[in-house]
Structures are given as C-alpha cells and as structure tokens.
Amino acid sequence: MNPRIFLLFLGLILMVPGLIYLMPAPDLKSSVDQSVSIHIHCAAANQAVIEKIVQDYQQEYKRKVELSYGLSQSLLSQIEVSQTGDLYLPADDSYLTIARGKDLVDEVINVATMNAVIAVQRGNPKSIQTLDDLLRADVRFVQANPDSAAIGKISREALTKSGSWESIHDATTAYRGTITEVANDIALGAADAGFVYDAVLHSYPNLEYVEIPELKNATSQVAAGVIRHTKNPQATLHFARYLSASDRGLKRFSEHGFQVEGGDVWSDVPELKLFAGSMLRPAIEDSIVDFERREGVKVDRVYNGCGILVAQMQAGQHPDAYFACDTEFMSQVSERFPDPVQVSKNELVILVKKGNPHEITSLQDLGRTGIRVGIGHEKQCAMGWITQNTLRDGRVQKEVMANVTVQSPTGDMLVNQLKAGSLDAAVAYLSNAAGSADYLDAIPITGIECSTATQPWAIANDSRYPKTAARLFERLTSVKSQEIFAAEGFQWSLDSPR
C-alpha cells in the first residue's frame, strides 16, 4: 500500500477511536412458524378484501389464519369478554380507540379509508340524487343499526351534525344488523336505497352509489389492532405488516375500492436503520431490543456524536429514522426529516470527582489555573456545540478553552477520563452522570438558557418502512420508556404518553 494512503487511513482511525457504535440486531428466528395460527376478528364491511389478503398470505407463508365476522361493536364485546383472538379489524378506528381505552389492544396499524354513500340498484331506477329523495313515499330505505355497525354510527353522527338525522330515522323502513344485509336487501330488490361504504360495493356489480354532501365527511379509517391477550404477537404483527404493506395488502384494498396511502414495502423481516446520538443509548437501547423481539424485525442502530451522524448522512447514508441530541443537528438534515417531534431534554452540567476536590461551583471556576477540563467536540456532537454557546453566553469561553485538554465526540469518553483521573472537570450532559453517583458529582449550570439540549425524533421521507418506524417511536415514547428516560437523567417533552 502507498505509505501516504496508509498514513491517511491510520490517521482517520485515530481521529475517531471508538466513535462509531454500530449495534447489530440479534439474530432472530424466522418469524414464519407454520405451526402458529392467527385469529382475526373482522368487521363485515372488510370481509371481501380480507379474505383475498388472507388467501394471498396463506399461499405465500402456509400459515393458518382463522376469521370471524360480525358487527364492529359486537366483535369488541366478544374480545372484552373472551379475551381471545390476535387481531381486531373493525370498520372504523373509533372502535380501536374504545378498545385501547379498555386496554384490549396494543399496536394499531392504519390500513385504508372508505366513505359513506347511498347504495342504489345499477341504473338508479328511483332517480335518487339527494338526501331528501330518501324521504319520498315510493323509496324503501334501510340502514345498519347505528348502535352496533360502524356505517350506521358514522352516518348518524354526520346527519346529526347537519340536522337531518331525525327525518332520515323516521323514513327508515328497517334497520339491519350488518352493512352486507343492507347491500343484500338492495341487490335483491327488497329495498331501494341504503347507507353503505363505497368500498363494500366492489362485491356487488349490480349496485352503484350516490355521493351526497351531507355524508362528505363521513369517512372511516380502517385499522388493525393487535389484541393485548394474543399469545403470538410476533406472528400477528407479521400478518399486520403484510396487511398494510404497499405491495401486498394495500394493493388488494385499492382493488376493492378503498383509498390507500403510503405503507411499508413488504419484507418478511424488515431491517430498520436508526441513527441516534450517543447520549440517548442508555435511554432507548432496552426498548429497542424489546421492540425487535415483539415485532420480529431488526433495528440496526448507529450511536455516535450527532455531528458525525450528520456528516455520514450528507455523505450518502440513509437511515430510516434519526433521534438527534439537539434540534440544531436535526435542522441540518431537515430536507430528509420533515416532521421532527421533540421528545426529551437534557441539561449540561459540570461533572467532577466525588467530593469535588477542586471546589468547582461554576463555569468561571473552570478557567482557574491548573484545572484540566474536558468538553464535547463542537463539530462532532451536539454537546460540544451547546457547550461553546454556553461558554460564550457565560462570557468565559476564552478562559475555559485555555484549560481544555480533551474535546470528545461523546460524554461517555469524558466520564471515563474523569474516573481515570486524567481530567479534573468535564462539561457534559446530566444523563452522562447516570449510574456514576458513587464516583462523580454534578454541578448545575445556572442562569444560561442555552445549556439545555432538546432531543427530536423524525422518520426519513424516503424510508421503506415508515409504519414500522412509527411503531418503534410508539415504543420509545411509552410510559415504560419514559421511566427509563427519567432514570437516565432526561426530562420529558412530549405532552402525553403514547
């Protein structure tokens, strides 16, 4: 090898010893265990499309999928009483909100949307064009029970807002149990019109629908919820990912008249790449491991100084998600991460040996003669960038920098050098001192607002797995995860647990 190239290569290694921490995911057993079956509680409105998706899935993976159909409310009651099943697929996600409130489901995966319309026989022989046409004496109008069927519920809500519900209720010839019974009545000529979802008519070639302004906002979000009592969460989530994949289940939903948007690219075992600031590792690592095991996915995480992570992204690397040490280092790649969410905060403190032998009480003391100071590297990490701002605002930058003997890309390296005795003090995050109370004291930095870092999370706009990354975020912002953040010295910023 050319000596100059070798020296350059060696220099690059020595510049960043141990900086890049690539945490490979543990080897996971194949998630497709054919001996495990899945039981889905499915609303009647979703029957036609879900049967096709299940057929596709079984052909591809040979795993048994059992289906039970019914009204969204009735299925919810069955789940609550029996505490059985793996996946709940109501016709409207309002039932999943109820289920979550009762601790009946955990993960919720959005799939598609459908709209409420008036179903009529093809050719519209009764010339039904408006809501008022349903009030005519020659029109037999039926609808699904609004107390148990999603279509009835959202139709009643929309018409109540427009002041039309009482007249429609009075004009209703009969209430049916399910949306398919309503469609069947019209198809058989037992009724002239009824409220249905537009997607349901995919299975009724002799029917068509009429859109009216009163039902313009009567839209249902179709989503799947993993039942909390499932004994097979990994298998259930495998199917849920298939159901919501852009090149698997969502293709079928689109063919059946549902409106679809986004979705992950299908992979049997998706591999997410996460870039995260080094200081976040103690707060998120255990949650990521739990997420991998439950989902049957891999998360390749790279922990490093955010300046280095930004440089890697600008050089062409494409993580699915980025958890930055501070908003400044998220803003530098904002074109890739358009919707960051502020999750936590972390304070800069002065770390000293236990007992504070040099009696350091403020930033000014770091400028005293003979004090060996360690700080973060301004270009390589958010900690260093914020430290320089803090020293400038405190008007001690020149004095303190004269005593700086180490500039590190991570706070952990500063803590290790403090413990080893090669530093007298370090400016680092409070979280860096977590677990070192027997060796270190933390001196607050007061009166300087910029001494606090805010940690934002965002999913890349070119991620192949945005929905899986979103569920990882839910895990990282759960109540259990918040407790870990607090134990590691972070303050929580999100308004409420997820």
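**Salt bridges and nonpolar cores**

Student: How many salt bridges are there by the rule used here?

Tutor: The count comes to 25 salt bridges, a salt bridge being a side-chain nitrogen of Lys or Arg within 4 Å of a carboxyl oxygen of Asp or Glu. This is a predicted model, where local features need pLDDT of at least 70, side-chain atom pairs count only at pLDDT 80 or more, and totals for chains, interfaces and linings use all residues. Residues are numbered from 1 along each chain as its sequence is written, and side-chain values use heavy atoms, with hydrogens and water left out.

Student: Okay, which residue does Asp-56 form a salt bridge with?

Tutor: Its partner is Arg-252, and the closest N and O atoms are 2.7 Å apart. Asp-56 sits in helix H2 (residues 47–61) and Arg-252 in helix H9 (residues 249–255), so the pair ties together parts 196 residues apart in sequence. Helices (H or I, at least four residues) and strands (E, at least two) are DSSP runs, numbered from the N terminus.

Student: Is Asp-56 buried or exposed?

Tutor: Asp-56 is buried, at 16% relative accessible area, while Arg-252 is partly exposed at 22%. Buried means under 20% relative accessible area, exposed over 50%, and partly exposed in between (1.4 Å probe, protein chains only).

Student: And what does Lys-480 pair with?

Tutor: Lys-480 forms a salt bridge with Asp-290, with 3.7 Å between the closest N and O atoms. Lys-480 belongs to helix H17 (residues 479–487) and Asp-290 to helix H10 (residues 281–295), so this pair joins parts that are 190 residues apart in sequence. Lys-480 is exposed, with 55% relative accessible area, whereas Asp-290 is partly exposed at 29%.

Student: Which residues are linked in a network of salt bridges?

Tutor: That network links Asp-103, Asp-106, Glu-107, Arg-228 and Arg-294.

Student: Switching topic: how many residues are in the largest nonpolar core?

Tutor: It has 84 residues, and Leu-134, Phe-195, Tyr-197 and Phe-239 have the most contacts inside it. A nonpolar core is a set of buried Ala, Val, Leu, Ile, Met, Phe, Trp, Tyr and Cys residues joined through side-chain atoms within 4.5 Å. Strand S5 (residues 105–121) gives the largest share of this core, ten residues.

Student: What does Tyr-197 touch?

Tutor: Leaving out residues up to four places away in sequence, Tyr-197 touches residues including Ala-45, Met-114, Val-117, Ile-154 and Ser-220. Contact here means heavy atoms within 4.5 Å.

Student: And what lies apart from that core?

Tutor: Another core, of 74 residues, with Ala-283, Val-302, Val-352 and Ile-443 among them.
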